[in-house]
Amino acid sequence: MRGLIVVPAYCERESLPSLFERIERAGLPQEILVVDDGSTDATADWLRERGIPHVRHPFNLGYSAAIETGLLYAWRRGFDHVVFLDADGQHEPEAVPRLVAALEEGVSIAIGSRYLGGYGRQSPIRRVGSILFSHLTGLWGERIHDTSSGFKAMSRPAIELALRGDFADYHVEFLLFARRAGLSVREVEVPYLPRTRGRSMHGRASVFYYPLRMFLLLILNSRTAERHVP
């Protein structure tokens with residue numbers, strides 16, 4: 001399958017060199033696209049100097065907008081699958097083949113899960129939240145252990161479905177919508193590393209509003225309006 005790795009990035013000049021060294025060592029066959037979400041550091045300069053394919057938002061639009069840009073790019077260029085890999089170095093590029101293997105077995109969406117083996121690596125507060133949201137997803141089908149993982153692989157039908165919806169969130173909201181639409185979702189256990197460089201795309205305020213938003217999305221779980229795929 002012809003695949004694309006999309007790396008959403010916001011002010012990740014410090015993290016990208018190490019990440020791309022690891023991607024090169026992994027020998028991944030997928031093409032690469034970095035979505036620079038209006039970085040104010042030297043991220044864009046670094047990408048241009050090294051000739052790394054990228055698109056740049058004129059200003060910071062947020063994580064979901066970066067995901068959608070990557071989906072549009074993959075769809076318009078006819079890729080069979082897309083893998084989202086965070087720029088902060090917390091995801092292991094060597095684990096990408098595990099997610100792609102799930103797609104080759106017929107899975108529509110493969111989630112790189114940090115928590116299939118438990119939630120012990122989190123702080124007590126985050127652990128409680130993760131367990132709560134995980135159990136809530138079980139109210140609408142099989143439980144999703146890692147509801148906020150940004151490490152995902154999506155088949156072309158899943159890409160099309162994502163672009164037909166109007167999503168505020170490509171984690172829980174989209175995953176529940178995809179399951180209602182008949183797409184299969186599987187978690188795949190992957191290693192996870194702590195951030196050591198760069199700046200998160202999620203601001204400090206997200207610690208407070210993200211759980212509230214996730215709770216509302218899980219409880220309401222209403223039909224998402226569809227739109228025409230560009």
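Predicted model: local features only at pLDDT ≥ 70, side-chain atom pairs only at ≥ 80, totals over all residues.

H6 and H7 pack with their axes 11 Å apart, at an angle of about 115°. Axes here are lines fitted to C-alpha atoms, for helices over the stretch in contact, and angles run from 0 to 180 degrees between N-to-C directions. The angle makes H6 roughly perpendicular to H7; angles under 35 degrees count as roughly parallel, over 145 as roughly antiparallel, 65 to 115 as roughly perpendicular and the rest as oblique. The crossing of H6 and H7 is right-handed. On the H6 side the contact is made by Ala158, Leu161 and Ala162, and on the H7 side by Phe174, Phe177 and Ala178. Contact means heavy atoms within 4.5 Å.

Residues are numbered from 1 along each chain as its sequence is written, and side-chain values use heavy atoms, with hydrogens and water left out.

The chain has eight helices and seven strands. Helices (H or I, at least four residues) and strands (E, at least two) are DSSP runs, numbered from the N terminus. Of the 230 residues of the chain, 53% count as buried. Buried means under 20% relative accessible area, exposed over 50%, and partly exposed in between, with a 1.4 Å probe and protein chains only.

Let us return to H7. Eight of its nine residues are buried, so H7 is largely enclosed by the rest of the structure. The buried residues of H7 include Val172, Leu175 and Arg179. After H7 comes Gly182, whose phi is positive, near 95°.

Next in this region is Ser184, in the loop between H7 and strand E7 (185-189). Is Ser184 buried or partly exposed? Ser184 is partly exposed, with a relative accessible area of 32%. Ser184 and Ile109 are 75 residues apart in sequence, yet 6.4 Å apart in space, C-alpha to C-alpha. Beyond residues up to four places away in sequence, Ser184 touches Gly106, Val107, Ser108 and Ile109.

I turn now to H3. H3 has 14 residues and reaches 20 Å from its first C-alpha to its last, close to the 20 Å expected at 1.5 Å a residue; the expected span is 1.5 Å times one less than the number of residues. Because 10 of the 14 residues of H3 are buried, the helix is largely enclosed by the rest of the structure. Its buried residues pack against E1, E2, strand E3 (54-56), E4, strand E6 (152-155) and H6. Ser64 lies in H3 and is buried, with a relative accessible area of 19%. Just after H3, Gly78 takes a positive phi of about 75°.

How does H3 meet H6? Their axes come within 10 Å and cross at roughly 125°. That makes H3 oblique to H6. The crossing of H3 and H6 is left-handed. Glu68, Leu71, Leu72, Ala74 and Trp75 of H3 make the contact with Arg156, Ile159, Glu160, Ala162 and Leu163 of H6.

Finally, the core. A nonpolar core is a set of buried Ala, Val, Leu, Ile, Met, Phe, Trp, Tyr and Cys residues joined through side-chain atoms within 4.5 Å. Of the 32 residues in the largest such core, Leu71, Val82, Ile109, Met154, Ile159 and Phe174 touch the most other members. Elements that each supply at least two residues of this core include helix H3 (63-76), helix H6 (156-164) and helix H7 (172-180). H3 gives the most, with eight residues. A second, separate core of 28 residues includes Phe20, Trp46, Val100 and Ala110.

Key
Left-handed = near helix turned anticlockwise from the far one by under 90°.
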